[in-house]
Amino acid sequence: MESIDLPLIWAAILAIAVFMYVLLDGFDLGIGILFPFAPKDEDRDLMMASVAPVWDGNETWLVLGGGGLFAAFPKAYAALMPSIYMPVGFMLIALIFRGVAFEFRFSAKGVMHRVWNQAFHWGSTVAAFSQGLILGAMVQGIALEDGRFAGGMFDWLTPFSFFTGCALVWGYALLGSTWLIIKTENELLHWSRQMAVVSMIVVIICLVIVSLVVPLMDWTAANRWGIHYPNIDWSILLPLAPIPVLTAVCCWLLAKSLSDRKSHHKPFIFSILIFALGYIGLIFSFYPYIIPYSLTIHDAAAAPNSQALLLAGTLILLPMILAYTAYVYWVFRGKVDIHAGYH
Amino acid sequence: MPDIFDMLFLARAQFAFTIAFHIIFPSFTIGLASYLAMLEGLWLKTGKEAYLTLYRFWIKIFAITFGMGVVSGVVMSYQFGTNWSRFSEVTGNILGPLLGYEVLTAFFLEASFLAIMLFGWNRVGRKLHFASTCIVAIGTLISAFWILAANSWMHTPAGYEIRDGIFYAISWLEIIFNPSFPYRFFHMVLATYLTTAFVVVAVAAYLLISGKKNPAVITMMKMGIIFTCIVVPLQMIAGHEHGVSVFEHQPVKLAAMEGHWETHTGAPLVLFALPDEEKEKNHLELAIPKLGSLIVAHDINAEIRGLKEWPQEERPPVAIVFWSFRIMVGIGILMLFTAFAGLWLFKTGKLDSNKNYLRLCLLMGPTGFIAVIAGWFTAEVGRQPYTVYGLMKTIDSTSPVTANSVGMSLIVFAFTYIVVFSAGLGYILKLMNKGPVDPSHPETDFESKPVLGTRLDIGDYEHQLKISSHPITGEKPG
């Protein structure tokens, strides 16, 4: 049907899937990032227990992101994957090490126990860093010729992508530490709050640096905000201004909630909002491109009957998935307490 | 000989390696999920402690295996794009939605309800917990449905049209239920059930040999033997029907499987041979006349086309297909023998005491995995030189990436898989060695041990003993 813009709907669904991934796996990767810095080994047990029931479901959003891109935009999938061949490889290997660490760490004793602790930490950190590399590479744009990747194997590696890699590690650390504020008590809670404060400060600095670097380099991403350095088109920038303004407000609210010892849920919520606003900003920078700035969602779209077939199921299944995912989180709600029989 | 520094060869090696490793885990978890559902159902129905003990034993092994299946599976969903981007682009309209449905209908379902299955004993009621186990088991089957539909379409493409070199769907029903799909689906699901059953029987046999006999172990042995007696014959029928479908739709693959170079009317069944691709003949052939035609065409004088009917570049690598097929069938025959020998011993009351038979069962433990991998080698190598049979060649399916990148990533994947999965195997064997421990004799097993990412201490365990209505909770020490 001509009246329905299928590629746009699919782009929206994929955007939601990727955001769900960043949010959900973000906090459990964040726990892996913070893992070795926890005061005691028992704290590490608790940290892992706080995400053990949900990490697998969280990571499934990544499979939906990859599978959904293949299904709805096969040309984009085929063009993008070779261009980020190496960071995707790092990410997959890292996710293997961290994923198996959940089970292995508890089966292993002595040296191997510590080896799997490290595997969990480095796996989480490298996975987060690789995702940041991919993000940075996409902001800078990916070179295509005739819809196929035409760049070199190291195009993704730039000072900027290295920076976004580090920034995402800290971003996930923020999500992880604020998640721990919800799930833990006493000293571990206190420590989580400290980690959240440190992560928040670094994340704010990173946001400021990105907001300065992208316009100064006059990348396409900046042009789409009306900034052609040194000229600024206020008619484009002003309507978008609420995004950075709201981000600043959320940062302030996050700082406030972190200093309030009674607030356990707010820090996580404000961290999510900061991620959400950054993500919306990114969508404005990219739209209508699915591979910035070479391939649009309409050029990359699968055949309408392919998109329609999967859409019919998705409209029924995605709400169901969200419902039972929420149910699982509800079943495992509350503070993690090993002695009270978390099992 | 293939050039090992060729991008195509490396990409194929990487795919073969990662998927062969991956398939090991679903082969076990699909069967084990159904087994766990059966155990929990039987426990709820009969209240027999042995079922619960077995459930608690196998769920730990399930958790480790499932975790490895998940992480090796994520790799697969990205590898289509990284190494096979041309293939992804050309077949995306058809295969994309099938894989999309796999994620939406199966992966989320499995992951979410697995959480309740593993960690939810104290948090949900018994019925809901049993429902979660069943949902996970059904999820594994739904997943098999979609992935086998996609794979089968690559063997027997249907319901499509090609415009400007890109596949477009015409009939989704024809695409999903393509000619080879029903056979492949049943053959694979039964294979996973058998793989699991032979592991269960082997573990029981090992525990009996090493003197760790208890009611749970006996139950495990008996259930396993009865199950294999039903499923091995079923699998032989399914495999046979699948073979007939190959004869109809992929005759060149069948010729390679059977080692037929010449076209015969009344083809022999080749039992043993060394196929020689250069001379286009078999060495040291041992064959039974006419039986080949009888088996695949149900007529001793039926014509079976030989490999020479196709030009050399259209033939799959004959020796690999020929031998992997024989390994699979050979294991099937051994399984049949083991199952019915077990049934006979069961009837004569010697099932748990005949040491030689128990040793045989132990040896049969890993054969399901070998048969699965050999079967997939037969199917996938037999489809060569095509990715989409008859329509898209493997050589046209690759990505614009260098051999160096593919080679390096292959080395890293190989290293990672070997390290990670041998560790996993080690932990699984450790659990198997310990065996199911009867919760009514907890003193045999006091070491406080965390499982599945959470830890319970002795205090907790005492707490569980008090609430006997919820004994599993006792992720009991050990």
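1. Contact here means that the C-beta atoms of two residues, placed from the backbone, lie within 7 Å. That sense is used throughout this note on a predicted model.

2. Start with helix H11 (residues 242–259) of chain A. At 1.5 Å a residue, its 18 residues should span 26 Å, and its end C-alpha atoms are 26 Å apart, so expectation and model agree. The buried residues of H11(A) include A:Thr247, A:Cys250, A:Cys251, A:Leu254, A:Ser257 and A:Leu258. They cover an arc of only 130° around the axis, which puts them on the same side of H11(A). The face turned away from that buried side carries the exposed residues A:Pro242, A:Val245, A:Trp252 and A:Ser259.

3. What covers the buried residues of H11(A)? Helix H8 (186–216) and helix H12 (266–286) of chain A are included in the cover. A:Phe270 shows the H12 side of this, as its place is in helix H12 of chain A. A:Phe270 counts as buried because it has 24 C-beta neighbours inside 10 Å, where 20 or more are required. Leaving aside neighbours within four places in sequence, A:Phe270 is in contact with A:Cys250, A:Leu253, A:Leu254 and A:Ser257. A:Phe270 and A:Cys251 are 19 residues apart in sequence, yet 7.4 Å apart in space, C-alpha to C-alpha.

4. Now the contact between the chains. It takes 65 residues from chain A and 69 residues from chain B. On the side of chain A that touches chain B, at least two residues each come from helix H2 (41–51), helix H3 (55–72), helix H4 (74–83), helix H5 (85–107), strand E2 (148–149) and helix H14 (304–331). H5(A) gives the most to that side, with 16 residues. The predictor gives the complex an ipTM of 0.89 and a pTM of 0.88.

5. Helix H2 (residues 49–83) of chain B deserves a look. Its 35 residues should span 51 Å at 1.5 Å a residue; the end C-alpha atoms are 50 Å apart, which agrees. There is still a bend of about 35° in H2(B), at B:Ser77. H2(B) is mostly covered, with 33 of its 35 residues buried.

6. Two hairpins in chain B are worth checking. In one, strand E1 (residues 160–163) and strand E2 (residues 166–169) of chain B pair in the antiparallel sense over four bridges. B:Ile162 stands opposite B:Phe167 in E2(B). Two residues lie between the strands of this hairpin. B:Asp164 is in the loop between E1 and E2 of chain B. It has a positive phi of about 50° although it is not a glycine.

7. B:Leu274 stands opposite B:His283 in E5(B). Four residues lie between the strands, and B:Glu280 takes a positive phi near 55°. How many of the eight residues of E5(B) are buried? The count is zero, and E5(B) is hardly covered. B:Leu284 is found in this strand E5 (residues 281–288) of chain B. B:Leu284 has a positive phi of about 50° although it is not a glycine. With 7 C-beta neighbours inside 10 Å, B:Leu284 counts as exposed.

8. Next, the cis peptide bonds. One joins A:Pro292 and A:Tyr293, with omega about -10°. A:Tyr293 lies in the loop between strand E5 (289–291) and strand E6 (295–296) of chain A. A cis peptide bond also joins B:Gln384 and B:Pro385, with omega about 5°. B:Pro385 lies in the loop between helix H12 (367–383) and strand E7 (386–388) of chain B.

9. Last, confidence in chain B. The mean pLDDT is 86, and 91% of the residues of chain B reach 70 or more. Where does pLDDT stay under 50 in chain B? Over residues 442–478, for which the model has 72 contacts beyond four places in sequence. Where pLDDT is low, the predicted coordinates should not be read in detail.

Key:
Residues numbered from 1 in each chain as written. Chains lettered and ligands numbered in written order. Predicted model: local features only at pLDDT ≥ 70, side-chain atom pairs only at ≥ 80, totals over all residues. Expected span 1.5 Å × (residues − 1). Bend = angle between axes of the 7 residues up to and from the residue. Buried ≥ 20, exposed ≤ 12 C-beta atoms within 10 Å, placed from the backbone. Pairing = 2+ DSSP bridges. Arc of directions from axis to C-beta. pLDDT = per-residue confidence, 0-100.
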